[in-house]
Amino acid sequence: MSFHILGTGSYVPPTVLTNDDLAQIVDTNDEWISARTGIRRRHVAADETTSEMAAKAAAAALENSGVEPEELDLILCATVSGDYICPNMACLVQRAIGASCPAFDLNGACSAFLLLLETAAAYLSTGRYRKILCVGAEQMSRILDWTDRSTCILFGDGAAGVVLEPGDNYLGSELIFRGSQELLNLPTAVGTFPGSRLEPQHPYVYMNGSEIYKFATRIVPQVIQQLLDKTGTAQTDVKWVICHQANRRIIEAAARRLKDIPAEKFLMNIEDYGNTSAASIPLLLDECNRAGKFQKGDLIVFAAFGGGLSCVASLVRW
Ligand code: UT7
C-alpha cells in the first residue's frame, strides 16, 4: 500500500514580473529569455513570506481534498527559501492552518517535492499515518542575486501541495543522487566567531547554468526510462509527464529522447511561473487538476532534478 492523492492546492503571489520588467533591472531582453528558457513572466512575493504562501496553498489543498486541518497526521514541507532555518516551514504552516500534528521539512531543492511524496508513501504504507499534507513553497526572489542576469531571470515565487491518504496509486520511484556543490549551491551564514577560518560566501543562489543544463538533458530522460523499466511500464502507457519547470528546452530535449511519449504529453506552465523550485511540480499538478485534465487511472510520470545534485522520478496513477 502507498498513497492516493486526495486533492491539490496552490498559491502564487499577485505581483507579476514580465521579461520586459526584468530588462529594467538587468541587461537582458524578452527575446533572449523566451528563446532560451520558455519563460515570459513570473510571480514575485513583495509583501508576504514563504510560509504565508505555503499556508495558503495548504488551505487550498485541504479544501480540495475535503480534509480538515485537525484530521492531518503529518505535515511535510520543502523549501530552500523558508522564512527561517529554524523553525522549519512545516511548523509555521501547522500553526497557520490550525493543525496540531507533527510537522517537519525536507531539503531537496528542486527535487524536494518528489522526496516528500517518497517519504509520505513510506509512512502511509506502514499504517503509521493516514492523512499527510505535502507542500513545496519558495520565495526565490529573496535568495537571488538581482545583479546576476544568468540566474535572476529563471526563478519565480509560489507554493503548492497535495493531501495524501493510504492507497495503491504510488507505483514506484527512481532516485539518482550525485553529491556535489560545485555546480549549484546556496551558502549559509558563517557567523562571527573570531577564530573562524571560514570565508563568508555570497549568500545567494550560485549556478553554473550550462553545466546544469547538460546534466539535466542527460539525466531526466535517463531517470524516467529507469523508472518505466523498473515498474514494467511502456512509454506508450504514459498519459502525462510533469517535469520540473526549469527550462522549456530541457523538457523538450527529454521528450525527444523518450520517443514513444508524444511531446504534447509533457505538460508545461513555465511560461507563466518560471522555475519555482520545490513548488514547481505541485503547481503544475494543481493547475492541471483544477482544469480537469486528468482522468481516473491516468498514469502520470513526475520528474525533477536540482541541487544536490539529484534527479528523481515517480509514477503515480490518478
Ligand atoms: O532548478 C535549478 C536548475 N537550473 C537549471 O535548470 C538551469 C539550467 N540551465 C539553463 O537553463 C541555461 O543554461 C540558461 C538559461 C541558464 C542559460 O542558457 P544557455 O543557452 O546555456 O546560455 P549561456 O549560459 O551559454 O550563455 C549564452 C550567452 C552568454 O553570452 P556570450 O558569452 O555568448 O557573449 C551569456 O552572457 O547569453 C548571455 N546571457 C544572457 N543574455 C541576455 C546569459 N544570461 C543572459 C540574459 N540575457 N539573462
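The structure is a predicted model, and for its 318 residues a compact globule would have a radius of gyration near 20 Å, with which the 19 Å of the protein chain agrees. Along its principal axes the C-alpha trace spans about 50 × 45 × 40 Å, and buried residues make up 56% of the 318 residues in the chain. Ten helices and 14 strands are found in the protein chain.

**Salt bridges**

The count of salt bridges comes to eleven, and the table lists three of them.

| Side chains | Distance, N to O |
|---|---|
| Arg-149 and Asp-27 | 3.7 Å |
| Arg-40 and Glu-271 | 3.8 Å |
| Asp-272 and Arg-41 | 2.3 Å |

Arg-149 and Asp-27 meet in a salt bridge; Arg-149 lies in helix H6 (residues 149-152) and Asp-27 in the loop between helix H1 (19-23) and helix H2 (30-37), so this pair ties together parts that are 122 residues apart in sequence. Asp-27 counts as exposed because its relative accessibility is 62%, whereas Arg-149, at 47%, counts as partly exposed.

In the salt bridge between Arg-40 and Glu-271, Arg-40 lies in the loop between H2 and strand E3 (41-43) and Glu-271 in helix H9 (residues 270-273), so the pair ties together parts that are 231 residues apart in sequence. Arg-40 is partly exposed, with a relative accessible area of 36%, and Glu-271 is also partly exposed, with 31%.

Helix H9 takes part in another of these contacts, since Asp-272 lies in helix H9 and its partner Arg-41 in strand E3, so that this pair, too, ties together parts that are 231 residues apart in sequence. Asp-272 counts as partly exposed at 29% relative accessibility, and Arg-41 is partly exposed with a relative accessible area of 29%. Salt bridges that share partners also join Asp-30, Arg-40 and Glu-271 into one network.

**A charged patch on the surface**

Which residues gather in a patch of positive charge on the surface? They are Arg-178, Arg-218, Arg-257 and Lys-259. Arg-257, one of these four, is found in helix H8 (residues 248-257), and at 48% relative accessibility Arg-257 counts as partly exposed, because that class lies between buried, under 20%, and exposed, over 50%.

Note on methods:
Residues are numbered from 1 along each chain as its sequence is written. This is a predicted model: local features need pLDDT of at least 70, side-chain atom pairs count only at pLDDT 80 or more; totals for chains, interfaces and linings use all residues. Side-chain values use heavy atoms; hydrogens and water are left out. Patches are made of residues with over 30% relative accessible area and no salt bridge: like charges are joined within 9 Å, nonpolar side chains (Val, Leu, Ile, Met, Phe, Trp, Tyr) within 5 Å. Accessible areas come from the Shrake-Rupley method with a 1.4 Å probe; for residues, only the protein chains shown count as cover. Lys and Arg count as positive and Asp and Glu as negative; His and the chain ends are not counted. The place of a charge is taken as NZ of Lys, CZ of Arg, CG of Asp or CD of Glu. Helices (H or I, at least four residues) and strands (E, at least two) are DSSP runs, numbered from the N terminus. Buried means under 20% relative accessible area, exposed over 50%, partly exposed in between (1.4 Å probe, protein chains only). The radius of gyration is taken over C-alpha atoms; the globule rule is 2.2 Å times the number of residues to the power 0.38.
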